[in-house]
Amino acid sequence: MRWPPSVSPRRRRLLVVVLFFALCSIPGNYSQRLVTLDTIDIFTTHEWFPSKPTVYFHCNGEDKVYLPDVKEANSIYSFKGEESWQPLTELPKKKCKRCGLYEENIFKRDMYDEWELCYSDFKDGKYTHFKQGQFNATFLCPNCTASAGDSANHHSDSDVETKKTSVTVIIVVSVLASVIVGIALFGAYKYWQKKKRERDEARFLKLFEDGDDVEDELGLGNEL
Ligand SMILES: *[C@@H]1O[C@H](CO)[C@@H](O)[C@H](O)[C@H]1NC(C)=O
Ligand SMILES: *[C@@H]1O[C@H](CO)[C@@H](O)[C@H](O)[C@H]1NC(C)=O
């Protein structure tokens, strides 16, 4: 962006800061979609010799979440959602996450399953993932409210929110545009004033240099 010559660096910095805060304060969708593990039942362990498996849940680009209690195959573990390792992850609104359940062994990791964990898979905040011969787990996400009625409802919360956000964006952009146009006009006016003063000074000096033309110049000056 080119700034008008009259905008001082200090004012530019101020404008950038104002722009930054204006963009940050746009009301977004702050609802957290935390996913917790409700129940899990592993049907197998991938251990070669009888020992306790180390099971963990992992989403791409995030830390592993170890499930320290899950040690035995074929028993159902239920959780309160408040365990130290909960929640498992947080889901974005319009994107799925690639997550999986794994077993950590000394030399390699074994996979129970890996799948796309999506906000829209939760029905009434609950989602069951079952993989034949591997595990059956239910996940909870109370804020993932993509129930069947949601898609049928044309005025869902997200629509209203999107509309609100775009109105705010338009207002912020308009205000900023007016401010910038104002500064540009002010700069142009200042520039014109400076040029005029220079021109007047030059003409004034010229009056002394060309003493003979004083009368003409004054006449011309009055006309302008
Ligand atoms: C649901 O969202 C609210 C705020 O938007 C947040 O305080 C709360 O912790 C969230 N709950 C879960 C389980 O994600
Ligand atoms: C998986 O677990 C849930 C909750 O324990 C149970 O309701 C469901 O029937 C199970 N599904 C299978 C296929 O075992």
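**View 1. Contacts across the whole protein.** Among contacts (heavy atoms within 4.5 Å) with a separation of 6 or more, 61% join residues 24 or more positions apart. This is a predicted model in which local features need pLDDT of at least 70 and side-chain atom pairs count only at pLDDT 80 or more, while totals for chains, interfaces and linings use all residues. Residues are numbered from 1 along each chain as its sequence is written, chains are lettered from A and ligands numbered from 1 in the order in which they are written, and side-chain values use heavy atoms, leaving out hydrogens and water. The protein has 4 helices and 9 strands (DSSP runs, numbered from the N terminus: helices are H or I with at least four residues, strands are E with at least two).

**View 2. Gln 134 in its loop.** Look between strand S8 (126–131) and strand S9 (135–140) to find the loop that holds Gln 134. Is this residue buried or exposed? Gln 134 counts as buried because its relative accessible area is 18%, and buried means under 20%, exposed over 50% and partly exposed in between (1.4 Å probe, protein chains only). Leaving aside neighbours within four places in sequence, its contacts include Asp 41, Phe 43, His 46 and Tyr 112.

**View 3. Around ligand 2.** From a polar side-chain atom of Asn 136 to an oxygen atom of ligand 2 is 2.3 Å.

Conventions:
Polar contact = N/O pair within 3.5 Å; in protein donor to acceptor, adjacent residues only side chain to side chain.
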